[in-house]
Amino acid sequence: MSISQHAREISESPTLKLNEAARLLRSRGEPVIHLGAGEPKNPAPITALLSSAAKLTTGDIKYAPTAGIPSLKKAIVRYMEENYDKVVAPENLIVSEGAKQSLFNILFSLVENQDEVILLAPYWVSYPEMVKMCYGTPVVVTPEDGTFLPRMEDIERAVSSYTKAIILNSPSNPSGLMYSEEFIAEIVEFCERKDIYLILDDIYHKLVFDGKKAPVAYKFTNKDIENTKLIVVNGVSKVYGMTGFRIGWAIANRKLVEVMTNIQAQTTSCASVISQAAAEGALTGIQSVIESLRLTIQNNRDVMMQELKTFNGVRVTKPDGTFYCLPDFRAFNDNSVELSQFLLKKALVVTVPGKPFGMEGHLRLSYAGSVKDVIEGIERIKWALDPESPNEIYIGDRKLIRDWL
Ligand SMILES: Cc1ncc(COP(=O)(O)O)c(C=O)c1O
C-alpha cells in the first residue's frame, strides 16, 4: 500500500482523537472527566427536531440542490439581516456539511500552490492542515507578549506577495478571546488595501459573555457583497448545540459561491436534507434557546475561572466567549502533549494540548460540560500537579495517593 506524500503530511485531529480516547475509557467504566469537549451538552432545539422528523416521515429523502435547499437558504439570508445587518442574496451563500466543509471549500477555491494563508496563534487546529491540503502554506503570527492579541504590525510583516487570505476566528477556539471592534476595523481596512481575503470564522459569534457583542466585520467596509473580500463562515453546530447535524455555510460573492458549489458538487454533492431541515427548524424557531445556552456556558466559565484562580502557577486569560480557555501550564511542563497525556493517565481528565493550536505550554480546557465536571476536573488536575494540594483523592470509588511529587 502506498499513501501519497501529500496525505501523509496531514496530521490527525487532536480534538477528535481525544474524544475517541475519552469515549473508549468511559465504555470501559473509567470515571473520565472530559475537559476536551468541543460541543455543548444541550439537546438540539425542539423546532430543529420536529422539522427534521417531519422531513424524515415524508420518506422523500433525496439529493438536495448542491448549495442548499431554498427554504434553508432563505432562513440564512434572514439570519444575516438580523445578526449582521447585511442583505445578501441566496446566491451569496452555500450550505455545507458543517462549517468545517465550508472552510475547506473556501480554501480549496482560493489557494494555489505556494499561496500563503495567515493564521493568528492560537488558531483552530484544522486551519493549518486545511491550508496544507490545498497545497498552500500556513503562515503563523504569534503574539510575543504572552497575550492572545496579535499586533497589526506583526500581521503586516507576515504578509508577502503570496498572501492570499487571513483567517480570523472570534471569539476564538481555543482561547475564548474576542477581537475588539478597533482590531476588526483595522484588519478589514488592511485586507482591502492589500487585496487579501479575510475569512471570518464566526461559528461562536453568539456565545459571547458579560453583555459584549461580537463585532461585525461588514460594518467596516463600504464595498458591497459582490466586491468585498470578506467571507463569513457560520453554522448551527455550536450556538444551537447541533454538532451532529453537520450544517454550516459560507457567505461570499456569487463567483466564489459558484466555484465552491462546483467543488461541493464533485465531492459531497450536498448536505443531508434531514440535517438541512433541522437547521431550518433551529433558525426559524424560538431563539431563546441560544440565550439559555449562553447563560449556562457563561456560568460554567465563571466557575472555571474561580477554580483556576486558586491554582498555584497557572495563568489564565478570562475568555470573552466560546466554551474554552487556554491556561498557561508552563510552570509544570513546557510540553503540552506530555502534560495532557500525564493528566489523562494519572487523573483521568481529558485536556487538549496547546501545541497543535500554536500555543505550546498551554492546555485547552473546555467548560462545555457540567459545573460538576469543571470543579472535579480542576481538582484532579491540581492533585496531579500541585504539591501543595492534598495528596489523596477519590476518583470514582478509588482512593488514589499521589506519590510522584
Ligand atoms: C473555530 C471552529 N471553526 C469551525 C468549526 C467546525 O464547525 P462545524 O461543526 O460546523 O463543522 C469548529 C468546530 O470545532 C471550530 O471550533
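Modeller: A residue is buried if 20 or more other C-beta atoms lie within 10 Å of its own, exposed if 12 or fewer, and partly exposed in between, with C-beta atoms placed from the backbone. This is a predicted model, in which local features need pLDDT of at least 70 and side-chain atom pairs count only at pLDDT 80 or more, while totals for chains, interfaces and linings use all residues. Residues are numbered from 1 along each chain as its sequence is written.

In helix H6, which spans residues 126-133, the buried residues are Ser126, Tyr127, Pro128, Met130 and Val131. Helices (H or I, at least four residues) and strands (E, at least two) are DSSP runs numbered from the N terminus. The buried residues of H6 pack against helix H5 and against strands S3, S4 and S5; such contacts require two C-beta atoms, placed from the backbone, within 7 Å. H6 lies across S3 (116-120), S4 and S5, and runs at about 150° to S4. Angles here run from 0 to 180 degrees between N-to-C directions, and axes are lines fitted to C-alpha atoms, for helices over the stretch in contact. After H6 comes Tyr135, which has a positive phi, near 65°.

Now the sheet. Seven strands make up this open sheet, in the order S2-S8-S7-S6-S5-S3-S4, and the pairing is mixed. S2 and S4 (137-141) are the edge strands with a single partner each, so one side of each has no neighbour in the sheet. On average, neighbouring strands are turned by 20° against each other, direction ignored. Two strands count as paired if DSSP finds at least two bridges between them. Strands of a sheet pair through backbone hydrogen bonds, either parallel or antiparallel.

Both senses of pairing can be found here. Strand S5 (residues 163-169) pairs with strand S6 (residues 197-201) in the parallel sense over five bridges, and the bridge partner of Ile167 in S6 is Ile199. Strand S2 (residues 93-96) pairs with S8 in the antiparallel sense over four bridges, with Ile94 bridged to Ala250 of S8. Strand S7 (residues 230-235) also pairs with S8 in the antiparallel sense, over four bridges; there, Val232 has Ile251 as its partner in S8. In S8 (residues 248-251), Gly248 and Ala250 point one way, Trp249 and Ile251 point the other way, and all are buried.

At the S2 end of the order there is another helix. Helix H9 (residues 254-267) packs on the sheet, where H9 touches S2 and S8, and its direction makes about 25° with that of S2.

Lys73 sits in helix H4 (residues 70-84). Lys73 is buried because 23 other C-beta atoms lie within 10 Å. Leaving aside residues up to four places away in sequence, Lys73 touches Gly68, Pro90, Leu93 and Val95. Two of these contacts, Leu93 and Val95, have numbers that fall within S2 (residues 93-96).

The ligand brings H5 back. There are 13 residues around the ligand, and the closest are Gly98, Ala99, Lys100, Asn173 and Ser237; a residue is near a molecule if its C-beta atom, placed from the backbone, lies within 6 Å of it. Helix H5 (residues 98-110) supplies the largest share of this shell, three residues. By class, the shell holds three nonpolar, eight polar and two charged residues. Here Ala, Val, Leu, Ile, Met, Phe, Trp, Tyr, Cys and Pro are nonpolar, Asp, Glu, Lys and Arg are charged, and the others, Gly among them, are polar.

For contrast, there is a second sheet. It is open and made of three strands in the order S9-S12-S11, with antiparallel pairing. Its edges are S9 (324-325) and S11 (352-353), each with a single partner strand, so one side of each is left without a neighbour in the sheet. S9 pairs with S12 (residues 363-366) over two bridges in the antiparallel sense, and the partner of Cys325 in S12 is Leu365.
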